[in-house]
Amino acid sequence: MRGLLIGRFQPFHKGHLYVIGKIAEEVDEIIIGIGSAQKSHCSDNPFTAGERLMMIQKSLIGVNFSKNYYIIPINDVNNNSLWVSHVKSLTPPFSKVYSGNPLVKRLFKEAGKEVATPPLFNRKEFSGTEIRRRILSRESWKELVPEAVVKVIREVKGRERIEELTLGDR
Ligand code: ATP
Ligand code: MG
């Protein structure tokens with residue numbers, strides 16, 4: 001059985017890693033869809049699809065993740081009723097979708113897919129919004145993401161990028 005997890009992963013954090021571990025307990029293979037793949041270089045979506053792909057792949061290699069997985073960037077189509085077909089056109093076949101997002105759940109349910117809401121893990125801190133906020137305000141954030149993500153963000157000068165995009169034009 002193949003399961004699908006979709007997120008924006010801006011950035012990939014330990015909550016995502018935990019939930020992937022949980023999903024792995026019940027699937028044979030996992031598909032990780034990188035949503036809003038075309039977005040980057042803005043304060044809510046600082047990282048490119050390729051950078052997010054690096055974060056995810058290096059993190060999973062870093063924990064010796066044992067299941068087979070596919071990481072697929074998925075551009076927005078800005079049309080909710082077409083979105084599920086769009087996702088299916090890009091991914092390997094799957095029978096179960098894991099998401100906490102009400103819209104994602106609704107759209108896949110209407111398309112006849114089994115949908116599960118995975119448990120949230122330390123959501124106050126393991127949250128993309130919170131991590132982007134902390135990077136910007138120079139609070140501690142590195143403990144909230146896998147070591148591999150710290151390295152990718154350093155490599156692409158992520159903090160400088162977020163600071164410049166958010167504070168630059170004032
Ligand atoms: P943002 O604040 O930017 O929306 P996020 O932390 O919610 O970032 P997403 O990429 O939106 O990250 O998350 C995709 C999916 O990952 C969510 O729908 C949820 O199912 C799962 N997820 C996110 N954070 C956690 C967490 N702390 N514990 C478990 N699952 C999580
Ligand atoms: Mg979210």
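This report walks through the packing and the aromatic rings of a predicted model.

Local features need pLDDT of at least 70 and side-chain atom pairs count only at pLDDT 80 or more, while totals for chains, interfaces and linings use all residues. Residues are numbered from 1 along each chain as its sequence is written, and side-chain values use heavy atoms, with hydrogens and water left out.

Let's start with the inside. A nonpolar core is a set of buried Ala, Val, Leu, Ile, Met, Phe, Trp, Tyr and Cys residues joined through side-chain atoms within 4.5 Å. The largest such core has 33 residues, and Phe12, Ile20, Ile30, Ile56 and Leu60 touch the most other members. Helix H1 (14–24) is among the elements that give two or more residues to this core, and H1 supplies the largest share, five residues. Helices and strands here are DSSP runs (helices H or I, at least four residues; strands E, at least two), numbered from the N terminus. A second, separate core of 13 residues includes Leu4, Ile72, Val84 and Val104.

Now to the rings. Rings of Phe, Tyr and Trp (its six-membered ring) pair if their centres lie within 6.5 Å; planes under 30 degrees apart count as stacked, over 60 as edge-to-face and the rest as tilted. The structure holds six aromatic pairs. One of them joins Phe121 and Phe126, tilted, with 5.4 Å centre to centre and 45° between the planes. Buried means under 20% relative accessible area, exposed over 50%, and partly exposed in between (1.4 Å probe, protein chains only).

| Residue | Relative accessibility | Class |
|---|---|---|
| Phe121 | 36% | partly exposed |
| Phe126 | 9% | buried |

Methods. Chains lettered and ligands numbered in written order.
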